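Subject: Structure handover

Hello,

Here is the structure I promised to pass on. Please open it next to this email and follow along.

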Amino acid sequence: QISAVGPVTDDECWCCHRMKTSLTKFALVMTTTLAFTNSVLCHRSTSKVSFSREAATCRMGENGRSDARSLPKMVVFDLDGTLWYPEMYMLWGSGPPFRRDAKTGNVRAAGGEMVKLLGSSRSVLYALKTNEKFEDTLVGIASRTDEPEWAQECMKQFDVGDGISMKEAVDFEAIYKGDKTNHFRELSKRSKIAFEDMIFFDNERGNLHSVQRLGVQCVYTPDGVTSKIWDKALADFERIKASVAK
């Protein structure tokens with residue numbers, strides 16, 4: 001085998017030559033090892049980046065966002081008994097002006113009665129307004145409250161998070177007396193959203209039965225919009241959409 005440093009010269013001893021040869025071999029081994037290690041690390045790093053991008057694409061869809069097909073295009077809420085309590089007619093004799101209570105975030109009527117948000121209404125409205133998952137989902141109100149002007153004041157006073165009022169979290173409103181199918185026809189016409197792409201939350205079964213005939217997915221909220229009801233409604237909507245797609 002030929003040494004990597006050549007033959008022994010006249011002016012060096014055999015021991016020096018062996019030492020020189022050993023050091024050179026060691027250097028070659030280390031160089032090869034480092035090159036191999038760098039190659040492996042580069043390959044692993046590249047694979048990790050590629051996998052992360054692929055995983056993100058699978059989770060978020062080709063456009064880099066959550067797949068909006070499984071989410072409603074509009075979420076509609078009743079007001080009295082669904083988002084807040086007491087109902088506006090219960091405040092007759094007290095009423096406006098309504099002021100936000102700094103400690104609780106609730107709204108106080110002139111007579112001292114406190115109007116409180118029910119269940120997870122605050123966090124649900126905040127998520128609909130701020131979470132990118134719902135960036136293509138609009139928020140509507142369909143209410144037959146006895147005092148529409150009082151309701152408007154309360155919507156302006158309620159803070160759903162980060163200084164965002166309930167009024168600011170809502171895109172479309174239909175607040176007046178009458179059958180709620182009229183409310184939904186108006187909401188659909190103004191928003192250009194089909195009934196089957198909506199979810200409606202209400203605490204009165206009569207309203208739900210009439211609206212359901214239009215093709216809207218209706219959700220009963222006897223204790224307001226709780227997190228359990230909200231999560232189940234989204235899951236049911238996704239399941240129904242998936243079954244229709246088949």
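This is a predicted model: local features need pLDDT of at least 70, side-chain atom pairs count only at pLDDT 80 or more; totals for chains, interfaces and linings use all residues.

Which residues does Ile-141 touch, not counting residues up to four places away in sequence?

The mean pLDDT of the protein is 81, and 72% of its residues reach 70 or more. Two stretches need care. Over residues 1–29 the pLDDT is below 50, and beyond near neighbours in sequence this stretch has 16 contacts in the model. Residues 31–66 also have pLDDT below 50, with eight contacts beyond near neighbours in sequence.

**The whole protein**

The protein has seven helices and 11 strands. Of its 246 residues, 39% are buried. Take the contacts between residues at least 6 apart in sequence: 62% of them join residues at least 24 apart. The accessible surface is about 14,800 Å², and carbon and sulfur atoms account for 54% of it.

**Back to Ile-141**

The residue belongs to strand S6, which covers residues 138–143. Its contacts are Val-76, Phe-77, Leu-79, Leu-83, Met-155, Val-170, Phe-172, Glu-173, Ala-174, Ile-175 and Leu-187, leaving out residues up to four places away in sequence. Is Ile-141 buried or exposed? Its relative accessibility is 0%, so Ile-141 counts as buried.

**The five-stranded sheet**

S6 is part of an open sheet of five strands. The order is S9-S6-S1-S10-S11, and the pairing is parallel. At the edges are S9 and strand S11 (217–220), each pairing on one side only. From one strand to the next, the twist averages 20 degrees. Strand S10 (residues 198–202) and S11 run parallel and are joined by four bridges. Phe-200 stands opposite Cys-218 in S11.

Helix H2 (residues 121–130) lies across strand S1 (74–77) and S6, at about 150 degrees to S1. H3 also packs on the sheet, where it touches S6 and S9. The direction of H3 makes about 150 degrees with that of S9.

**Helix H3**

Which residues of helix H3 (residues 148–157) are buried? They are Trp-150, Ala-151, Cys-154 and Met-155. Seen down the axis of H3, these buried residues fall within an arc of 140 degrees, so they line one face of the helix. The face turned away from that buried side carries the exposed residues Glu-149 and Lys-156. What do the buried residues of H3 pack against? The partners are S2, S4, S6, strand S8 (164–165), helix H4 (166–169) and strand S9 (172–175).

**The four-stranded sheet**

There is also an open sheet of four strands, ordered S2-S5-S4-S3 with antiparallel pairing. Why is one side of S2 and of S3 left without a neighbour in the sheet? Strand S2 (84–85) and strand S3 (99–100) stand at the edges and each has a single partner strand, so one side of each has no neighbour there. S3 pairs with strand S4 (residues 107–108) in the antiparallel sense, over two bridges. Arg-99 stands opposite Arg-108 in S4.

Over to you.

Best wishes

Definitions and conventions
Residues are numbered from 1 along each chain as its sequence is written. Side-chain values use heavy atoms; hydrogens and water are left out. Buried means under 20% relative accessible area, exposed over 50%, partly exposed in between (1.4 Å probe, protein chains only). Contact means heavy atoms within 4.5 Å. Two strands pair if DSSP finds at least two bridges between them. Accessible areas come from the Shrake-Rupley method with a 1.4 Å probe; for residues, only the protein chains shown count as cover. The arc is that of the directions from the helix axis to the C-beta atoms. Axes are lines fitted to C-alpha atoms, for helices over the stretch in contact, and angles run from 0 to 180 degrees between N-to-C directions. pLDDT is the predictor's confidence in each residue, from 0 to 100.
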